[in-house]
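Hello,

Here is the structure I promised to pass on. Please open it first, then read the notes below.

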Amino acid sequence: MKKKVLGLFMAATMVASMLAGCGSKAATSTDTTKTEPATETVAETPDAETPAPQIEKIKVAYMPNYASLATIAAAEGTGAFEQYGFDVELVEFADGPTIISAMESGSIDYAYIGTGAHKLCVLGRADVICFAQLSNADAVIGNTEKGVSAITDLKGKKVAYSSGTSSEEILKATLGKENMTLSDIEAVDMDASAITTAMISGAVDACATWSPNTLTIYNELGEKAVELGANKDFVDTNVSVSSFIAMPDKVKNNREQVVRFVEAVLAGSDFRSKDENFETNCKFAADLTGLSLESMTGCKLDAEWVDATTIHELVNNGQMQSYYEIQQKNFLEAGAIEEEVPIENYVHFDIMNEAYEAYK
């Protein structure tokens, strides 16, 4: 049965009305200790003529940046999640590997991850259910006051990064431009949330991080901050793919729900892909999470915000598969995984196609 999300592109007065209610659902702080399944079905009181829909409570993990929130905020703010039968509770995490650990405990249903955490998908710990976007949000930043104005200046310097995330991937790619590796620097592995403070305080000489941390660092350091490498420098060899994921068991045993979730994601993708919706969507994201509006609006160029039809085309012209193949090749070359795995083992192009046909 084909479904359509109603009201995604209604008049501005309708958007404003939805926006007013956006802030009523606060994001939940990270909790990885819960072991009970997160999904709960709540039956609303039926009216006199038709049975009420079954609304399922789900927990969706995100990271505190616009790239992670853009599609989720659009789907929630425009009512797409509710239209497809979901009552969403957002849960904030610092990075993708931590998200996947929480999903394995049963405390999270669905999540957005950046490119670094995809190696855990290759290893069979999570499945990709929908492509999100190619990111432009990661960068390696040097502090000229610390003697770092070029990649070669990083030799022997303290460089903060977060292992297992896109931070590590962009750092390795940037070093590789000058035939350098992590062994050529004093690599300081730290929690993603601590990198910004370390960079601004001068505790490290350079860092690899993502938006909005990059924006904060540029604003605080001013002319002392220099970009040494970013996603846009490696589009042919090191694409930064972001995705929505679920546990393999959920994909196998609750496919109908997974497809509906992807339909809502496609609806969100359509809304957030339009330039005229950007500021509204930033407000959705800020209100939902309590993050500053400024940290959202400064991230417009952090990704290619593709719509549902483009996602469908990328699936069927083979381009999306090539993105994941390049990603996996980079994991192999970096030693993050030991052997090549068929992309179809963990990326569900079939679910993306099924959801698109139902959505359209």
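**Salt bridges**

Asp-287 and Lys-283 join their side chains in a salt bridge, at 2.6 Å from N to O. Bear in mind that this is a predicted model. The two residues, Asp-287 and Lys-283, sit 4 residues apart in helix α11 (residues 278-289), so about one helical turn separates them. Asp-287 is partly exposed, at 25% relative accessibility. Lys-283 is partly exposed too, at 32%. There is also a network: salt bridges with shared partners link Glu-56, Glu-256 and Arg-260.

How many salt bridges are there by this rule? The count comes to 11.

One of them pairs Lys-250 with Asp-109, with the closest N and O atoms 3.4 Å apart. Lys-250 belongs to helix α9 (residues 248-253), while Asp-109 is in the loop between α4 (96-105) and β4 (110-113), so this pair ties together parts that lie 141 residues apart in sequence. Are these residues buried or exposed? Both Lys-250 and Asp-109 are buried.

Glu-227 and Lys-232 form another salt bridge. Their closest N and O atoms are 2.7 Å apart. Glu-227 has a relative accessible area of 37% and is partly exposed. Lys-232 reaches 51%, so it counts as exposed, since the cut-off for exposed is over 50%.

**Helix α2**

Look next at helix α2, residues 66-77. A straight helix of 12 residues would span 16 Å at 1.5 Å a residue. Helix α2 spans only 14 Å between its end C-alpha atoms.

How many of the residues of α2 are buried? The number is 12 of the 12, so the helix is largely enclosed by the rest of the structure. The buried residues include Tyr-66, Leu-69, Ile-72 and Glu-76. Gly-79 follows α2, and its phi is positive, near 90°.

**Helices α10 and α13**

The axes of α10 (residues 255-272) and α13 (residues 308-316) come within 8 Å. They cross at roughly 115°.

Which residues meet there? From α10 come Leu-266, Ser-269 and Asp-270. From α13 come Ala-308, Thr-309 and Ile-311. By class, the contact of α10 with α13 has 3 nonpolar, 2 polar and 1 charged residues.

Best wishes

Technical notes. Residues numbered from 1 in each chain as written. Predicted model: local features only at pLDDT ≥ 70, side-chain atom pairs only at ≥ 80, totals over all residues. Heavy atoms only, no water. Axes fitted to C-alpha atoms, helices over the stretch in contact; angles between N-to-C directions. Contact = heavy atoms within 4.5 Å. Nonpolar A, V, L, I, M, F, W, Y, C, P; charged D, E, K, R; others polar. Expected span 1.5 Å × (residues − 1). Buried < 20%, exposed > 50% of the residue type's maximum accessible area, 1.4 Å probe, protein only. Salt bridge = Lys/Arg side-chain N within 4 Å of Asp/Glu carboxyl O.
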